[in-house]
Number of protein chains: 2
Amino acid sequence: MEKLKVGIIGLGCRGYVITDGILAAMCKDDLEIKVVCDQFADRVKRTADTLERKTGYRPDEETDYKAVIARDDITAVIIMTSWRTHLPMAIEAMAAGKYVGIEVGGAYTLKECWDLIEAGKKYGNRLMFLENCCYGDRELMITRMVREGVMGEVIHCSGGYMHDLREEIINGKENRHYRLGNYLNRNCENYPTHELGPIAKLLDINNGNRFCTLTSTASKAGGLHEYALQNRPADDPLTTATFAQGDIITTVIKCARGETITITLDTTLPRYYSRGFTVRGTKAGYFGENDSLFIDGEHNSYEFKGSELWGNAKNYIDQYRHPIWQNYDPVGGHDGMDWLVYRAFVEAAKAEKRAPIDLYDAVTYMCITALSEQSIQRGGAPVDIPDFTEGRWFMRDDIDYDDPYCLEVKQPLRDGLV
Amino acid sequence: MEKLKVGIIGLGCRGYVITDGILAAMCKDDLEIKVVCDQFADRVKRTADTLERKTGYRPDEETDYKAVIARDDITAVIIMTSWRTHLPMAIEAMAAGKYVGIEVGGAYTLKECWDLIEAGKKYGNRLMFLENCCYGDRELMITRMVREGVMGEVIHCSGGYMHDLREEIINGKENRHYRLGNYLNRNCENYPTHELGPIAKLLDINNGNRFCTLTSTASKAGGLHEYALQNRPADDPLTTATFAQGDIITTVIKCARGETITITLDTTLPRYYSRGFTVRGTKAGYFGENDSLFIDGEHNSYEFKGSELWGNAKNYIDQYRHPIWQNYDPVGGHDGMDWLVYRAFVEAAKAEKRAPIDLYDAVTYMCITALSEQSIQRGGAPVDIPDFTEGRWFMRDDIDYDDPYCLEVKQPLRDGLV
């Protein structure tokens, strides 16, 4: 079997876990990791050690990503560095002829988003945005129900990145993580894509629909201060630091077809983990906060109180599980989503074809961060979301609907030509 | 026992149920209903029949509310008419020297809100906004936890009026309800107070805090069209009518102390009933969609997944139930909230004192409707929320903290004078 030869850039928590786990496992089949890279040599050595033990050969070690990109014995790179560097590194790698996978995060400026679009025009749509949640089991089940008409017309979706990261953020110096700097200096929806990716696919964004405007509002910042008081030494500067990042960021997006999407960043207050994935149609609703489905004809709001429905979505798995998840025995992290998104990447990179979550999707999701920052700075004023397809969003002709990892459906009549 | 002599104006669904239920029961104690009024004589007769059977005497019957207000054998009126008429009728009643209770709803203009403020200046703060959910059991339990510091600093709250009203709205002609006309013509957060009232009290709005700005975004309207198609004859004009009201309205309010509040109107798509009451602090969070509490020190996000916490709030009732609910055996509708809010009204009206949910609270909550309409019309632009206290919101000196139905706490230092 032909192997995809890759270089890995970025070996922090996410990079190490992915490389050590599912990528090492894929080396038994059709992947070959030629080189691993991080700015910190200890991370590189740790990953190389692990790979050698698990795969039987040792990849080259590198601390300069430019040297990785320049190699001619690899055809693809996977970038798992900081949010700040995903897009610039991706553009450099594309210019060097590489097929690129980038881990998720938000964009800092619209400029870097457009730069990626320009790179795509020069070097081809040869990038996959590795948004694992697009392959989530429940997300895909509900997407199938939408495609089959069970939900009726979809009117509203919501979700969030609702994950108590206080410990990780406050320990930013110890764990060399860039989140701490971000939370001290910026105030925005800094991590929109886990909830927004699946919603965007479900709503046909970039293939029949698009994001038009957003408003974003930040609460005050109190969570990290309280956490530092409770968990750091009294003389630690973090106990008196001012955090720019509001604890809760609420962003409302309006789409071309009239749907609204509410997304919430919620990472610095006590809570359980949730992506809050919620989809509301004219015939049914799915409510992620209690994993329930309410379907006209099966449920009646006068009979069923909320708590009687909690958890009932699992009763629909046999009927509506997405084909991608049928006969799939989850492997790897995050309930098996990671394996699926990385498999989709490897298949796309080997075939040199457009990825199921492509360059346009990447910037469409990532730009929400930069735009939310602007809206918050302007007191919640609506800001325009660019059409990165430059008018092609309702007439895409480059989608491979036969790709088993494809997340979209062909929409007759949408382009007005059929 | 001295009886409060009242006239009742508005005997539609809400007016009839309240009069027939808890008000009739209160006539055994300290209430006397002298006159009942509605524009429809059949409603008046039905209510008078019921009251006669239940109380042993028949109230006068009236179809002209002005005649009720003009009577000198009553000291108070309770207004349970349409949203449109609450404030104008209240102002007329106050001018006639009556103590006024008004049922909930939203304001159509800022003008009518300021008119009520002016009436208060002339005739006294002699109005209670009958927002029953301010006396909800869970809402008050969480409020107590906030007051006792369990939640830490409150950062964000959310809630909604999430109630599938499609049948009631579409049957507007048959049931003579004004919602249908509103949904055909207006697009706004038309019913904000059930969720906003309890949140406002919890956040000390009008007594140490205030609402400053909001943004509001409407989804497209699809739910009522689909419902009409499924449930009305094919030639019914409602099957082809255009509804102005978006199915989901998302409104984000920013407060003077930096808190954010997200409220959702969600009345025309299939769903279970919920007010979604959610309160997030730096030390704990309460999540209404699954009735769970997450408390630092008791729960750890690495250990507890969401579903393990669902429904755990009931475990805290013994420890934190609000004094108002201790030793209270719920009577009447809506889990006992109605009884509490009407008891509070009767007590305030008898004592001729400021009500626990007063004239300032009424317009502060009700104005959200008019302002959300403006924001939606302006593409989600932020709009200013008036300070109806005209600068007194952090120096209120008219609160009766000893009132057993008081929903507020004295805040030392807030006014800078103690």
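Predicted model: local features only at pLDDT ≥ 70, side-chain atom pairs only at ≥ 80, totals over all residues.
1. Let's begin with the empty space inside. Rolling a probe the size of a water molecule over the atoms shows where empty space is left. In this model the count is four cavities of 30 Å³ or more.

2. Which residues lie nearest the centre of the largest cavity? They are A:Ser158, A:Glu289, B:Ser158, B:Thr264 and B:Glu289, out of a lining of 36 residues. Strands of both chains take part: β7 (154–162), β9 (248–255), β10 (260–266) and β11 (278–281) of chain A each supply at least two lining residues, and so do β7 (154–162), β9 (248–255), β10 (260–266) and β11 (278–281) of chain B. By type, the lining of this largest cavity divides into 20 polar, eight charged and eight nonpolar residues.

3. The second largest cavity is lined by B:Ile205, B:Asn206, B:Arg210, B:Phe211, B:Thr364, B:Ile385, B:Pro386, B:Asp387 and B:Phe388. Its lining divides into five nonpolar, two polar and two charged residues.

4. Is A:Arg275 buried or exposed? Its relative accessibility is 18%, and buried means under 20%, so A:Arg275 counts as buried. Its side chain makes a polar contact with the side chain of A:Glu139, at 2.8 Å. Leaving out residues up to four places away in sequence, A:Arg275 also touches A:Cys133, A:Gly159, A:Gly160, A:Met162, A:His194, A:Glu195 and A:Met337.

5. Over in chain B, B:His86 belongs to helix α4 (residues 86–95). B:His86 is buried because its relative accessible area is 1%. A polar atom of the B:His86 side chain lies 2.9 Å from the backbone oxygen of B:Thr81. Setting aside neighbours within four places in sequence, the contacts of B:His86 include B:Ile79, B:Met80, B:Ile102, B:Glu103, B:Val104, B:Gly105 and B:Met366.

6. Helix α4 of chain A spans residues 83–95. Which of its residues are buried? They are A:Trp83, A:His86, A:Leu87, A:Met89, A:Ala90, A:Ala93 and A:Met94. Just after this helix, A:Gly97 takes a positive phi of about 85°.

Note on methods: Residues numbered from 1 in each chain as written. Chains lettered and ligands numbered in written order. Heavy atoms only, no water. Buried < 20%, exposed > 50% of the residue type's maximum accessible area, 1.4 Å probe, protein only. Helix = DSSP H or I, 4+ residues; strand = E, 2+ residues; numbered from the N terminus. 1 Å grid on protein atoms, 1.4 Å probe; cavity = no way out; pocket = protein on both sides within 12 Å on 5 of 7 lines; lining within 4 Å. Points joined across faces, edges and corners; volume = space filled by probe spheres on them. Nonpolar A, V, L, I, M, F, W, Y, C, P; charged D, E, K, R; others polar. Polar contact = N/O pair within 3.5 Å; in protein donor to acceptor, adjacent residues only side chain to side chain. Contact = heavy atoms within 4.5 Å.
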